[in-house]
Amino acid sequence: MSDRAYDTDFLVIGSGFGGSVAALRLAEKGYRVTVLEQGRHWRPQDLPATNWDFGRWLWRPELGWRGFFSLRFFRHVVVLHGNAVGGGSITYANTLLVPPESVWRQGSWAGLDAWDRVMPAHYAEAERMLGVTVNQRPAAADERLRAMAAATGVADTWHLTRVGVFFGDESAPGDCDHPDPYFGGEGPPRRSCTGCGGCMVGCRVGAKNTLDRNYLHLAQRRGAVLHAQTRVTRIVPLPAPDGRADTTGRHGYTVHAVCSSDGRKRAVRWTARAVVCAAGSLGTQALLMEARRRGDLPHLSSALGHHVRTNAESLIGVRWPGCTEDLSRGVAIGSAIRLDAYTTVEATRYPAGSDAMALLSTVMGRDGSRLGWAGALLRGLLTAPGATVRLLRPRGWARESMILLCMQTLDGTLTLEWRRPWWWPFQYRLRSRGAPLPHRIPVAEDFARRAAAATGGVPMASLPEVLFHIPMTAHCLGGAVMAATPRDGVCDRWQRAFGQHNLYLVDGSVIGANLGVNPSLTITALAERAMQHIPPIDAQRWDAIGEPIAAY
């Protein structure tokens, strides 16, 4: 090992489901760990009351909005994701599911490990750390999904979801603090879920098991240092101790960033023996593509940006204008059904008053075409003008609507590139290319229509899917996938970047197939697996390459 002094042993970029696992497990193994997160740290009392509070909900720094929820618009897809200490756990629907075993036999990771034997233990540990349990706050929307399932012949598939929420057992949820129920007193006190439906606008109660309450909290207790509002701009391999250039990372890295935690932007940098890229699929791809463009990391695989997936996802829904039941109550995703072997549908909600997502919803057409949508809208205005106008009006949308989050295990990919758009040639950005992805799931739309007709509702679709034939996804995956060779992927089966020393990819970018379920638990379990094969500090050989000898 070199005698060079480093600021830290492992520098972790991002604090989501991969980065937080890496921070804790590396700190437990004796390493000095530094975590950089571009988002801010949110206390429950600072979270927005509704998603109309754009400045605290949306992440759009160029507009002065520094919330935790981001919408990224590409030619082929609209991506919804999170930016915060705790990553997407601040805004996600806390639904933590194990995918069907068939996904491990698909895509670039097929055959890389005995997945059916290896992964159950890692899923179990991830569930323990995230406090996973069966939903204990079923509400009106869940019963309505059960009725819709019965009306369409899939009643036997209805089930309550498994979620990362503290429910407690007292008769007055949310009224008092409970000592840490998960980690023998090492974790923070908790308040139990009130079923307010606010999970995706940020849990103001403190019942949601966000990463700042488990992995990150414990990592900091073990010495990990977290810097919020710090955006990484560059990863540069350090030269050899004798000054000779070396782009492999064998001697460590300098990580450049911009910190704005005190309201002023200032350049900062750290030297590290190793780097963990955990900035989410889009963030990791952007960082690595910029590093390759600059020549900082020239050995990265040419497969970077390929095999990007959307979890074969579609966001549709049903609204019952004038509904007397409050469909916003419960946890964000409280129940689900299966339409067939490939398709899952989850009942999703926002809290009462959080009606901003109505701006992205509209009437569902018959065939997914713009003409079919226009015809459906015109028919509604002519035959039921009051209900149609109310359907399109944002007010009351969260109380009267059910979002249907539809996911499939069927494959389909696109490619992202790092280039300057013609309309803004001053900056490189991620841009999508390739054949269009399917913008609708016909079996799910058929379910929504039949279920709405049986229950007196009106089926909805998302505006980007209808007007521009662009699907929306909350689960962008891949782009730096795990594979057997650099020709097929960007990292090996232990999530080490091909062509580089001491550079790990530990987030959704490595996922090699559509999971068909919410991916957070799988990202966490894969991170647990990757960290298990990094030796403790006293056994580390920083310049070693090849297969790990054993799990540690």
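In which helix is the place of Glu143? Glu143 belongs to helix 4, which covers residues 140–151; helices (H or I, at least four residues) and strands (E, at least two) are DSSP runs, numbered from the N terminus. The model is predicted, so local features need pLDDT of at least 70 and side-chain atom pairs count only at pLDDT 80 or more, while totals for chains, interfaces and linings use all residues. Residues are numbered from 1 along each chain as its sequence is written, and side-chain values use heavy atoms, with hydrogens and water left out.

With a relative accessible area of 41%, Glu143 is partly exposed; buried means under 20% relative accessible area, exposed over 50%, and partly exposed in between (1.4 Å probe, protein chains only). Glu143 and Arg399 are 256 residues apart along the chain, and their C-alpha atoms are separated by 15 Å.

The protein as a whole contains 12 helices and 25 strands. Its radius of gyration is 23 Å, close to the 24 Å given by the globule rule for 552 residues, so the protein is as compact as a globular protein of that length. The radius of gyration is taken over C-alpha atoms, and the globule rule is 2.2 Å times the number of residues to the power 0.38. Along the principal axes, the C-alpha trace spans about 80 × 55 × 50 Å. Of the 552 residues, 59% count as buried. Among contacts (heavy atoms within 4.5 Å) between residues at least 6 apart in sequence, 73% join residues at least 24 apart.

The accessible surface comes to about 21,500 Å², and 53% of this surface belongs to carbon and sulfur atoms. Accessible areas come from the Shrake-Rupley method with a 1.4 Å probe; for residues, only the protein chains shown count as cover.

A nonpolar core is a set of buried Ala, Val, Leu, Ile, Met, Phe, Trp, Tyr and Cys residues joined through side-chain atoms within 4.5 Å. The largest such core has 94 residues, of which Phe10, Leu26, Val33, Trp109, Val276, Leu505 and Leu526 touch the most other members. Beyond its neighbours within four places in sequence, Leu526 is in contact with residues including Trp104, Trp109, Trp115, Met482 and Ile511. A second, separate core of 71 residues includes Leu71, Cys203, Leu360 and Met364.

Val21 lies in helix 1 (residues 17–28) and is buried, with a relative accessible area of 0%. Residues up to four places away in sequence not counted, Val21 touches Tyr215, Thr524, Ala527, Glu528 and Met531. The C-alpha atoms of Val21 and Arg529 are separated by 10.0 Å, although the two residues are 508 residues apart along the chain.

Thr152 is placed in the loop between helix 4 and strand 8 (159–160). Thr152 counts as buried at 10% relative accessibility. With neighbours within four places in sequence left aside, the contacts of Thr152 are Phe447, Arg450 and Ala451.

Most residues other than glycine have a negative phi. Asn311, however, has a positive phi near 60°. Asn311 lies in the loop between strand 14 (308–309) and strand 15 (314–319) and counts as buried at 0% relative accessibility. Asn502 likewise has a positive phi, of about 55°, although it is not a glycine. Asn502 is found in the loop between strand 24 (477–478) and strand 25 (503–505), and at 10% relative accessibility Asn502 counts as buried.
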